[in-house]
Amino acid sequence: MGVVDWGVRHFHGFGLSTHRGTTYNAYLIVDEQTALVDTVGSPFSEELVENIRAVTDPTQIDYVIANHAEPDHSGALPAILQLCPQATVVVSKQGAKSIPGHYHQPWKWQTVGTGDKIRLGRRELMFVEAPMLHWPDSMFTYLTEDHILMPNDAFGQHYATAFRFNDQVNQEELYEEALKYYANILTPYSEQVIKKIDEILKLNLPVAMIAPSHGVIWRENPLQIVQKYRTWALQEPLPRAVILYDTMWQATRKMAQAIGAGLAAEGVEHKIFDMAQADRNDVIAEIFQSGAVIIGSSTLNNGLLPTITPILEDCRGLRFKNKIGAAFGSYGWSGEAVAHIEGYFQQAGIPLAAESVRAKWQPDSPDLERCRTLGQKMGQALQQQKPK
Ligand code: FEO
């Protein structure tokens with residue numbers, strides 16, 4: 001019942017880039033009783049109502065399942081409940097706080113926990129709480145008979161497409177978006193991801209489709225994305241490196257390239273990003289797929305260049321596992337940028353695996369040789385890295 005948002009390019013304010021748009025998926029189950037699973041963002045409320053109207057009378061909805069309070073899925077609740085004020089809004093225990101906290105409405109509520117069921121007729125809805133995947137309130141809804149798992153944000157992708165199913169879209173784009181979504185949103189909750197997947201697999205529920213709240217529905221080999229999440233959640237170290245930097249007058253850029261040459265000398269694949277040009281969320285997806293992250297900045301006003309701080313904040317917040325780090329940068333007189341980067345690495349739990357390099361003004365040959373050595377040391381450390 002949901003909508004395809006071809007136009008959106010930023011999500012969560014400026015928090016997440018969505019180069020390929022997104023979808024807000026909502027599902028309607030028509031049995032003896034009718035249930036709507038999730039809604040859409042409030043700007044799309046009318047479109048949702050029209051979609052429902054094409055199938056059934058929206059005033060006759062009995063249950064609205066609100067798996068998660070974030071307004072891209074709950075935003076149309078007021079419009080829907082205005083049409084069917086008798087409907088019961090079904091929420092997880094944490095959702096019983098967050099959803100009324102967003103809407104402050106006297107709706108009819110029902111709180112459910114893992115294993116609770118609601119019979120609609122021939123089919124039942126079964127609920128599985130999934131706290132921190134990715135909010136405390138997150139919940140999965142499973143539809144018996146048709147064997148459809150509706151896990152809300154989990155297994156989703158910000159990917160607007162003409163068709164609704166995984167076998168109908170470009171696989172490379174699909175996995176690029178699924179990985180970017182995981183890396184940027186779910187990385188800090190990787191331990192919960194593993195536990196939740198194991199818990200659900202133990203239930204031995206048949207799964208014919210996995211129908212998330214963003215992107216395509218997994219109907220061809222639906223468990224492929226579950227297996228992929230399990231692999232991603234392990235965050236095993238990969239022998240690749242990301243070098244990212246910003247530069248005022250090319251000095252720090254030259255250092256980045258010398259570090260890259262050192263990595264290449266060790267046969268280590270790497271990518272270099274100028275953060276004044278690169279998309280932060282794309283770079284996070286690259287960091288996610290790399291064992292080493294090497295960050296450089298010129299010193300400006302005793303600190304970092306302003307494009308570097310956000311990605312360092314992301315590294316701290318996303319709590320990547322099994323990474324090693326290194327810092328570098330040029331300066332004119334005070335030169336604190338490198339120490340700031342080292343401090344962020346420490347807070348992010350990313351150990352330094354090579355001595356940082358600072359270069360005064362433009363790097364000379366010995367400075368560039370130290371950068372090359374840094375790259376080589378990182379390359380050697382990567383090849384010895386084992387998962388923790
Ligand atoms: Fe798609 Fe957490 O909202």
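Biologist: Are Trp333 and Trp361 buried or exposed?

Modeller: This is a predicted model, in which local features need pLDDT of at least 70 and side-chain atom pairs count only at pLDDT 80 or more, while totals for chains, interfaces and linings use all residues. Residues are numbered from 1 along each chain as its sequence is written, and side-chain values use heavy atoms, with hydrogens and water left out. Buried means under 20% relative accessible area, exposed over 50%, and partly exposed in between (1.4 Å probe, protein chains only). By this rule Trp333 and Trp361 are both exposed.

Biologist: How many aromatic pairs are there?

Modeller: Rings of Phe, Tyr and Trp (its six-membered ring) pair if their centres lie within 6.5 Å; planes under 30 degrees apart count as stacked, over 60 as edge-to-face and the rest as tilted. The count of aromatic pairs by this rule is 10.

Biologist: Which class does the aromatic pair of Tyr103 and Trp107 fall into?

Modeller: The centres of Tyr103 and Trp107 are 6.0 Å apart, with 35° between the planes. Tyr103 is buried at 15% relative accessible area, and Trp107 is buried at 12%. The pair of Tyr103 and Trp107 is tilted.

Biologist: How many residues apart in sequence are the parts that the pair of Trp333 and Trp361 ties together?

Modeller: Trp333 and Trp361 form a tilted pair, 6.3 Å centre to centre and with 50° between the planes. Trp333 lies in the loop between strand E18 and helix H11, and Trp361 in the loop between strand E19 and helix H12, so the parts tied together are apart in sequence by 28 residues.

Biologist: Which ring lies under the charged end of Arg219?

Modeller: A charge sits over a ring if NZ of Lys or CZ of Arg is within 6 Å of the ring centre and within 35 degrees of the ring normal. Lys228 sits this way over Tyr175, 5.6 Å from the ring centre. For Arg219, at 4.1 Å from the centre, the ring is that of Phe165.

Definitions and conventions: Helix = DSSP H or I, 4+ residues; strand = E, 2+ residues; numbered from the N terminus.
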